[in-house]
Amino acid sequence: MKNLKTRHADVSERSAIQAMARDVIRGRDTAFFGPEMVDAFIDSGHSDEEFVTHKDNLYVLVDGNDIIGFSICFENFIHLLMVKINRQNEGLGSILLEGCETMISGRGHQSARLETFVSNTQAVAFYLKNGWTETARDGEDAGTLARIWFEKEMT
């Protein structure tokens, strides 16, 4: 992991990042949303559009020339954070998360915010492990799309 670097994504990398996001969504989110919901989301184009809408706030984690993860971070909010399926559980998500926290702190914010789905227990455990605190969650009436909000003080 000596060649790891986080940097702003180049527009020429967008299609590779979009493909990685689709792979991660299919590989992880299908377990709690089901294949039909995941396919409908991907087929809608909303996943791909995120990287156009947030191109100025899109950062990649690279290992040499290989993009292995990305984040979208703006103001004091972490909007997205994903690591390639075959590189998960190597501590790379923590590297991306720390990079976002550093950017947020550098912007002068006293705290950082993010949200995830309650049913994404892997993400919930990841954020708790990295020192984030749950601040709110949707009620049971929100169903499968129930979200949980986290915050972390910046030091």
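A pocket is an open set of grid points with protein on both sides within 12 Å along at least five of seven lines. Rolling a probe the size of a water molecule over the atoms shows where empty space is left. The model here is predicted, and its largest pocket has a volume of about 1100 Å³.

Start at the centre of that pocket. The lining counts 40 residues, and those closest to the centre are L81, M82, T116, N120 and A123. Several elements give two or more residues to the lining. Among them are helix 1 (14-33), helix 2 (35-44) and helix 3 (46-53). Helix 4 (92-106) and helix 5 (121-129) also belong to this group. So do two strands, strand 4 (77-83) and strand 5 (111-117). Strand 4 gives the largest share, seven residues. What classes of residue make up the lining? It has 22 nonpolar, ten polar and eight charged residues.

Strand 2 covers residues 58-63. Five of its six residues are buried, so strand 2 is largely enclosed by the rest of the structure. Which way does strand 1 (residues 4-8) run against strand 2, parallel or antiparallel? The two run antiparallel, and five bridges join them. Strand 2 also pairs with strand 3 (residues 66-74). These two run antiparallel as well, with six bridges between them.

Next, look at the turn of the hairpin made by strand 2 and strand 3. Two residues lie between the strands. In this hairpin, G64 takes a positive phi near 70°.

Last come the cysteines. A disulfide is a covalent bond between the sulfur atoms of two cysteines. How many disulfides does the model have? The count comes to zero. Seen from C100, the closest cysteine sulfur is the one in C73. C73 is buried, with a relative accessible area of 0%. C100 is buried too, at 1%.

Methods: Residues numbered from 1 in each chain as written. Predicted model: local features only at pLDDT ≥ 70, side-chain atom pairs only at ≥ 80, totals over all residues. Heavy atoms only, no water. Buried < 20%, exposed > 50% of the residue type's maximum accessible area, 1.4 Å probe, protein only. Helix = DSSP H or I, 4+ residues; strand = E, 2+ residues; numbered from the N terminus. Pairing = 2+ DSSP bridges. 1 Å grid on protein atoms, 1.4 Å probe; cavity = no way out; pocket = protein on both sides within 12 Å on 5 of 7 lines; lining within 4 Å. Points joined across faces, edges and corners; volume = space filled by probe spheres on them. Nonpolar A, V, L, I, M, F, W, Y, C, P; charged D, E, K, R; others polar. Disulfide = S-S within 2.5 Å.
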